[in-house]
Amino acid sequence: MQSSDIRTVFLDFFTGKGHLVMPSFPLIPQNDPTLLLIGAGMAPLKPFFTGEKKPPHTRIATCQKCVRTPDIDRVGLTGRHATFFEMLGNFSFGDYFKEEAIAWAWELVLEGYRLPREKLWVSIYEEDEEAFTIWHRRIGLPPDRIVRLGKKDNFWEIGLGPCGPCSEIYYDLGLEAGCGREQCAVGCDCDRYLEIWNLVFTQYNREPSGELTVLKQQNIDTGAGLERLAMALQNVPSFYETDLIRPVYEYFASLSGTSDRGDKLPLRIITEHSRGITFLVADGVVPANEGRGYVLRRLLRRASRYGRLLGIEGGFLAGAVPLIGTLMGSTYRELKERQDYIMQVIKTEENRFQETLSQGMEILEGYIAALREQERQALPGNLAFKLYDTYGFPLDLTEEILAEQGFTIDKEAFSQNLNEQQARARAARPAFEQAGRSAYEAAENLETIFTGYETLQEESRLMLLLVGGEPRSTAGEGEEVELFLDRTPFYAEAGGQTGDTGVVFTGRGRATVQNTVFTPRGRIVHQARVESGTLSVGEPVSARVEEGRRRGVCRSHTATHLLHRALKDKLGGQVNQAGSLVTADRLRFDFTHFSGLTQDELREVEEKINRRVLQNMPVNAAATTLEEAQRMGATALFMEKYDRELVRVVSAGDYSRELCGGTHVAATGEIGLVRLISEEGIGSGLRRIEALTGMEAYRYSAAESARLAQMAKTLHTGANHLERRVEEVLEENRLLQKANQELKQQLAGFAVKELLERVRDVEGVKVLSAVVSAESLETLRLMIDQVKSNLSSVVVVLGAVSDGKVILAGAVSGDLIKQGLKANNIITTVARQVGGGGGGRPELAQAGGKNPAGLPAALQAVEELVRRQVAAGR
């Protein structure tokens with residue numbers, strides 16, 4: 001049975017059991033700070049399990065894409081461990097429970113998938129007598145086919161939230177897949193007994209305190225690994241042999257020129273990681289040094305590293321993206337829709353890693369030279385961790401290179417550094433969540449009706465008042481408060497749009513609203529200061545938004561929509577919004593793209609936007625279903641989560657159509673003017689544009705004109721001739737720089753004639769080390785070039801004092817590099833003696849230092865360094 005059929009059979013079966021089938025959620029969790037990535041089918045459904053939100057149906061079934069990395073070190077070593085996988089699941093929210101879940105799973109396994117009964121086993125939590133009774137008496141399994149396992153294996157939880165005992169169905173792959181031990185049985189860590197389905201009986205909730213509390217309703221959460229089911233149904237010993245993965249494995253095998261007869265581990269790791277890399281990028285994750293971006297970077301660099309071990313040169317992972325799209329794009333459309341973008345992200349990161357790898361090699365060579373000099377055997381763990389964490393240098397590569405040179409790594413210290421970093425990351429998330437929940441606990445059951453789309457004023461009632469996070473009945477003048485109203489025109493910060501400001505007042509008091517935000521549970525809170533009188537819970541209040549500021553925000557928000565569309569028109573459909581900040585008449589727009597925009601491109605984009613502003617197109621908002629909005633061509637943002645039943649579509653004429661909950665102008669003409677003031681890169685594959693609208697854009701243009709007029713005056717020309725005059729000044733400056741450079745070369749030549757008389761012979765190698773007069777490293781390099789032009793084989797190190805600091809430069813001829821002499825090793829050692837550091841390449845290196853007094857002695861040491869290196873190379 002093909003994998004596509006396995007999906008269809010599962011979802012059709014549960015459709016027949018009254019389940020609503022939902023498409024896969026993105027890999028990026030929404031509103032859940034406890035998770036970096038979706039690692040299980042139930043993870044996106046947690047609010048339904050906890051009762052925080054009402055599910056669209058009490059029975060749901062999905063095929064959810066997942067990424068988990070705890071088992072990353074086992075990928076490739078077994079045929080079943082993966083970082084990316086598809087999880088088939090059926091879920092019940094207070095509907096059916098253990099008996100139905102077990103009976104239906106057994107029915108599907110035997111009748112839907114027709115797996116042989118004699119190859120099936122089940123496990124239960126050791127204390128779950130109810131599950132044992134169902135399996136034995138209702139299903140008819142003999143007790144020896146029901147294995148009791150402990151909490152580690154059969155009590156399911158992932159982070160905070162719903163959890164409970166579970167029962168698993170195993171498929172016996174046969175003796176040949178096992179470990180050969182007599183004790184081998186269900187629960188063994190070998191490949192023989194393959195867990196294909198986990199039935200979780202969700203009865204509890206894991207609180208931030210670690211306590212287990214009983215859920216108000218009993219739920220079912222099951223997960224059947226699609227790849228593992230494919231192994232059983234396609235009768236293969238590993239998921240690398242299944243129909244969705246085997247073609248990817250063969251693709252990489254063809255690139256490397258290897259086959260199944262060789263070492264399978266590198267090919268397996270590359271194959272498995274390539275799928276997770278592709279799906280993560282498709283869902284909007286970009287490489288980074290922390291969070292989910294680091295998960296992506298780790299997978300990509302690990303795969304790239306193993307490609308290097310196989311002899312694959314340069315970037316190669318992006319080439320598999322079209323194949324993965326062909327295999328899985330019918331189910332996950334984003335793989336085809338974003339194919340060019342996915343490939344570009346991967347190419348960029350691979351190229352960057354190749355550069356990082358080269359940098360890491362240079363640094364590691366410096367460390368090795370220091371180990372030799374200090375006669376130490378092990379590289380300190382903090383240095384190995386710096387290579388790993390700062391330069392992305394794989395630990396195994398560091399270890400391998402050191403071993404070739406006769407050195408080791410202090411792995412214990414490395415692990416300590418790594419554990420400390422991970423502990424800091426783990427501690428940060430729950431602390432934030434716990435603080436947010438406790439502060440607003442009193443507001444969890446409150447509901448506020450937002451009326452700010454229609455009006456900027458509202459008559460309301462004060463439902464809750466917090467001072468310092470604690471409920472109060474009354475607050476007086478000068479106190480900082482948080483207000484919860486039953487109705488409000490104030491827009492709470494969301495989707496990049498800043499929260500509204502304004503006033504809330506009664507006949508007895510008045511408060512200035514300084515910001516409006518959502519609590520972690522989605523309640524609207526007005527952060528304010530009581531300016532006069534008192535405010536009391538339960539009394540009627542008037543709420544008034546600051547009109548001028550709101551209108552400025554509306555101008556900027558509609559402008560971001562026009563900018564998004566204009567960028568797509570100019571640069572291509574692969575451009576997608578990756579973040580924004582919308583304030584009064586000023587905006588920041590982050591988007592996916594892999595090169596900076598030229599001035600001509602920016603000018604064209606700006607012109608496109610302002611043409612649409614001048615057309616004064618109507619801006620309308622309409623509520624519809626997500627499916628209908630997508631049919632309309634509305635743009636949905638990468639990182640956003642949308643209600644599938646009700647979304648808001650904002651349209652600017654027929655030009656722009658986006659899913660958006662923000663506030664906007666009534667027509668584009670209200671924006672007035674848009675000016676793009678900056679464009680820059682902010683990360684791998686990410687760009688940022690900052691822009692102004694309305695009067696801020698006018699003021700910017702007026703100031704720009706004034707600066708040009710003043711510049712023209714300074715250069716004694718008219719504004720119309722300014723460009724030509726600037727070119728003339730630049731040409732004059734170029735000629736002066738050329739003359740200055742020629743003079744420097746002549747002066748360096750005079751100095752070099754004297755230096756050549758000081759060349760010494762050290763073990764048959766010509767060596768020149770001297771203190772010279774030079775104002776910059778550029779001058780030192782000029783002098784070195786002239787020395788090398790006179791001596792075909794030489795080691796030269798020159799030092800000078802400039803602005804009270806030491807500057808050093810050194811070079812080694814190519815023939816001497818072959819004998820073991822390296823400029824970067826020599827210069828690093830010399831720099832330490834003047835309180836500095838540096839680096840470079842074997843043929844040319846440079847450094848700086850803080851101790852000018854130590855320079856003569858440091859340069860005198862060069863001859864001894866050369867003597868040692870020559871001896872070591874013989």
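## Exercises on a predicted model

Strand β25 (residues 647–652) is joined to β26 by four bridges, and the two run antiparallel. The model is a predicted one, in which local features need pLDDT of at least 70 and side-chain atom pairs count only at pLDDT 80 or more, while totals for chains, interfaces and linings use all residues. Residues are numbered from 1 along each chain as its sequence is written, and side-chain values use heavy atoms, with hydrogens and water left out.

**Exercise 1.** Describe the open sheet that holds β24, β25 and β26.

*Solution.* 
- Step 1. Three strands make up this open sheet, in the order β24-β25-β26, with antiparallel pairing. Two strands pair if DSSP finds at least two bridges between them. Strands (E, at least two residues) and helices (H or I, at least four residues) are DSSP runs, numbered from the N terminus.
- Step 2. The edges are β24 (619–624) and β26 (656–659); each has a single partner strand, so one side of each is left without a neighbour in the sheet.
- Step 3. On average, neighbouring strands of this sheet are turned by 20° against each other, direction ignored.
- Step 4. Opposite Ala 652 stands Ser 656 in β26.
- Step 5. Helix α16 (residues 547–571) packs on the sheet and touches β24, β25 and β26; its direction makes about 115° with that of β26. Such angles run from 0 to 180 degrees between N-to-C directions, and the axes are lines fitted to C-alpha atoms, for helices over the stretch in contact.

**Exercise 2.** Is Thr 451 buried or exposed, and which residues is Thr 451 in contact with, leaving aside its neighbours within four places in sequence?

*Solution.* 
- Step 1. Thr 451 lies in the loop between β12 (449–450) and β13 (457–467).
- Step 2. Thr 451 has a relative accessible area of 7% and is therefore buried. Buried means under 20% relative accessible area, exposed over 50%, and partly exposed in between (1.4 Å probe, protein chains only).
- Step 3. Apart from neighbours within four places in sequence, the contacts of Thr 451 (heavy atoms within 4.5 Å) are Glu 458, Arg 487, Thr 488 and Pro 489.

**Exercise 3.** How many helices and strands are in the protein, and what share of its residues is buried?

*Solution.* 
- Step 1. The protein has 25 helices and 34 strands.
- Step 2. Of the 874 residues, 51% are buried.
- Step 3. Along the principal axes, the C-alpha atoms fill a box of roughly 100 × 85 × 50 Å.
- Step 4. Among contacts with a separation of 6 or more, 68% come from residues 24 or more positions apart.
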